[in-house]
Amino acid sequence: MAKARTKKRTHVRAQNASATAKSSMSKTPKSMVIRVGAAQVGSSVSQLVKDVRLMMEPDTAVRLKERKSNRLRDYTAMTGPLGVTHLMLFSKSATGNTNMRLALTPRGPTLHFKVENYSLCRDVEKALKRPRGGGQDHKTPPLLVMNNFNSPNATEDSKVPKRLESLTTTIFQSLFPPINPQATPLSSIRRVMLLNRELTAGSDEEEDSYVLNLRHYAISTKKTGVSKRIRRLDPKEIRSREKRKSAVPNLGKLEDAADYLLDPSAAGYTSASETELDTDAEVEIAESTTKKVLTKRELQRMKSGEKAKAQKANAPEVEKRAVKLVELGPRMKLRLIKVEEGLCEGRVMWHDYIQKSEEEVKSLDKNWAKKKKEKEERKKQQRENIEKKKQEKAKARAEGKGGEDDEDEEDVDMDDEDEWLSDDLEGDEEGIQAQDDDDDDESMEE
């Protein structure tokens, strides 16, 4: 029987495709919304986690299943192979407080928030008169809008230092891929994620607190200045309409199109209220039309002002459209409690409740330097042990004594290696839950 031919050229293409996929995957931010302590957070927090996953689409793990036996290191170990850049951990403390941790992988930092109050998507829909239905809104990432993240009077000596505001701004900006205004089509921006920082200059107690309000909206646009009946006949409006019973009206029983446009029930004229739109704002946008590609000589003439007519001819048509924001949910009010250097562990950079003196900060830095040195020594010793055992295995195989015992020793080596990799993250299920204020005090003292 003839030997099967291997297709080398297709294999090379597959390798190139995988390389391009990895490069594109590394550029796009991806997130994992995790429910820590699945059996203890309750049904309300579990539904909040589902709503946040829906808000973070499409670059998030929507069908992530948590188990009771899962630890934090189980998720951090998979962030590298899956290209996950952000972790959002929701948990509930023993006192009943709901907490959220936003961490950058693989080395941090980690922002600890206290969820003071929240509203689920179903609660927001019940409060709206006309809630937003399904559609293709979640196939593209939302537009991130941040307000008051950098206060004008912030300094390095204030309670919320200026470097903390810059760090928080950078972390939230990296949640979603950046938008290029020249290349991104407006039709792809269908949602808005609004983050507003509360700045109250009147009260001294709330002045130094870092409180964020999170809102999630859907964007809907309509033509302005046109009645509803004429707008229904517009092909663009028909294509963009998500739920429609009949795209084209039934004119079979009418003798003239004017009978449809001029409704007899409205005294022979269209109602004046049909031209008024319940909108938030009106904007002017350029229609997507084909443009003529100009040569270098024509571009030079346009710059010098000799060919203004050609510029007007190539200018796109501008139309007014009414923009309406429909809230999708969830809502959250987040208070920043503390900031850590590492991934859910490490030296505390800032704390809302506890302030350390210079001597205490120096002593803590010495303790962290000592722990870091001991950790490096353990890593070095472990590498030496692994190399020594590998040499012994190679010598035993050369003498013909290798076998099943080698595999058992290899498993022991891997367990030893995992021991120093996870020594700081070791703990039971309760150890990885978000801590309340007393637990934060203990972590600062350490």
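**Loops, strands and side-chain pairs in a predicted model**

P330 is found in the loop between β9 (318–327) and β10. Strands are DSSP runs of E with at least two residues, while helices are runs of H or I with at least four residues, and both are numbered from the N terminus. The peptide bond that joins G329 and P330 is cis, with omega at about 0 degrees. A cis bond also joins E57 and P58, where omega is about 5 degrees. P58 sits in the loop between α2 (43–55) and α3 (72–82).

The structure described here is a predicted model, in which local features need pLDDT of at least 70 and side-chain atom pairs count only at pLDDT 80 or more, whereas totals for chains, interfaces and linings use all residues. Residues are numbered from 1 along each chain as its sequence is written, and side-chain values use heavy atoms, with hydrogens and water left out.

For an overall view, the protein has 14 helices and 11 strands. It contains 446 residues, of which 32% count as buried; buried means under 20% relative accessible area, exposed means over 50%, and partly exposed lies in between (1.4 Å probe, protein chains only). Among contacts (heavy atoms within 4.5 Å) between residues at least 6 apart in sequence, 72% join residues at least 24 apart.

Two strands pair if DSSP finds at least two bridges between them. Strand β3 (residues 98–104) runs antiparallel to strand β4 (residues 110–119), and 6 bridges join the two. T98 has V115 in β4 as its bridge partner. Together β3 and β4 form a hairpin with 5 residues between them, and in the turn G108 has a positive phi of about 90 degrees. Strand β4 also runs antiparallel to strand β10 (residues 331–340), to which 9 bridges join it. Here F113 stands opposite L336 in β10.

Positive phi values also turn up in residues other than glycine. N148 has phi near 60 degrees and belongs to the loop between β5 and α5. This residue counts as partly exposed, because its relative accessibility is 33%. C344 likewise has a positive phi of about 60 degrees although it is not a glycine, and its place is in the loop between β10 and β11 (348–351). With a relative accessibility of 13%, C344 counts as buried.

Aromatic side chains come next. The structure holds 3 aromatic pairs. Rings of Phe, Tyr and Trp (its six-membered ring) pair if their centres lie within 6.5 Å; planes under 30 degrees apart count as stacked, over 60 as edge-to-face and the rest as tilted. The pair of F149 and Y210 is edge-to-face, because the ring centres are 6.5 Å apart and the planes stand at 85 degrees. F149 lies in the loop between β5 (143–147) and α5 (162–173), and Y210 in the loop between α6 (204–207) and β7 (211–223), so the pair ties together parts that are 61 residues apart in sequence. F149 and Y210 are both buried.

Charged side chains complete the picture. The structure holds 13 salt bridges, each being a side-chain nitrogen of Lys or Arg within 4 Å of a carboxyl oxygen of Asp or Glu. One of them joins R35 to E66, with the closest N and O atoms 3.3 Å apart. R35 lies in strand β1 (residues 31–35) and E66 in the loop between α2 and α3, so this pair ties together parts that are 31 residues apart in sequence. E66 is buried, at a relative accessible area of 12%. R35 and E66 are linked with R53 in a network of salt bridges.

Another salt bridge brings together the side chains of R197 and E165 (2.7 Å, N to O). This pair links distant parts of the chain, 32 residues apart, with R197 in strand β6 (residues 191–197) and E165 in helix α5. Both R197 and E165 are buried. E340 and K338 form a salt bridge as well, with their closest N and O atoms 3.3 Å apart. E340 counts as buried at 6% relative accessibility, and K338 counts as buried at 3%.
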